[in-house]
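Morning, everyone. Please have a look at it first.

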Amino acid sequence: MEQENVIYIGRKPVMAYCLAVMTALKEDNAEVTLMARGRAISKAVDVAEVVRNQFVSDLAVKSIDIGTEQLDTEEGNSRNISNIAITLVKG
């Protein structure tokens, strides 16, 4: 069974995640999934575009999945949080 490369996008700078993507793509026909929630969604898109346009020329977007999660707050309320999963494939 093949291990899936998943990179969770958070508060680090964009270039830190770009390095993680390029490291995961060292194999031929490698696949990487960027996952982010909330405000980090725009950073995940930035990472995908920077890697595609500046570092790896034969990288393609395989799929983009979006969704919403309901999380409970400390006050007992529920809150909707958007999420995204961008799958990049080399080759």
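How many salt bridges does a search of the whole structure find? There are 3 of them. Keep in mind that this is a predicted model. Side chains of opposite charge can pair when their charged atoms come close.

Let's take the pairs in turn. Start with K62 and E31. Their side chains form a salt bridge, with N and O 3.0 Å apart. Where do the two partners sit? K62 is in strand β3, residues 59-72, and E31 is in strand β2, residues 31-37. They are 31 residues apart in sequence, so this pair ties together separate parts of the chain. Now the surface. K62 is exposed, at 53% relative accessible area. E31 is partly exposed, at 29%.

Next pair: R37 and E69. Here the closest N and O atoms of the salt bridge are 3.2 Å apart. R37 is partly exposed, with a relative accessible area of 43%. E69 also counts as partly exposed, at 27%.

The closest N and O atoms are 2.8 Å apart. Both residues lie in helix α2, residues 41-55. They are 3 residues apart, which means about one helical turn separates them. E49 is partly exposed at 32%, and R52 is partly exposed at 28%.

Now step back to the charges overall. The chain carries 10 positive and 13 negative side chains. The centres of those two sets lie 7 Å apart.

Is T87 buried or exposed? T87 is buried, because its relative accessible area is 8%, and the cut-off for buried is under 20%. T87 lies in strand β4, residues 78-90. Among the residues T87 touches are E31 and K62, our opening pair. V32, T33, A60, V61 and S63 are on that list too.

Last, the whole chain. It has 2 helices and 4 strands. In sequence order, the pattern reads β-α-β-α-β-β. The C-alpha trace spans about 45 × 30 × 15 Å along its principal axes. Of the 91 residues, 30% are buried. The accessible surface is about 6400 Å², and carbon and sulfur atoms account for 47% of that.

One more number, on contacts. Take those with a separation of 6 or more: 66% of them join residues 24 or more positions apart. That's my tour.

Conventions
Residues numbered from 1 in each chain as written. Predicted model: local features only at pLDDT ≥ 70, side-chain atom pairs only at ≥ 80, totals over all residues. Heavy atoms only, no water. Buried < 20%, exposed > 50% of the residue type's maximum accessible area, 1.4 Å probe, protein only. Contact = heavy atoms within 4.5 Å. Areas by Shrake-Rupley, 256 points an atom, 1.4 Å probe, with all protein chains shown as cover. Lys, Arg positive; Asp, Glu negative; His and termini not counted. Charge placed at Lys NZ, Arg CZ, Asp CG, Glu CD. Salt bridge = Lys/Arg side-chain N within 4 Å of Asp/Glu carboxyl O. Lists of a residue's contacts leave out its neighbours within four places in sequence.
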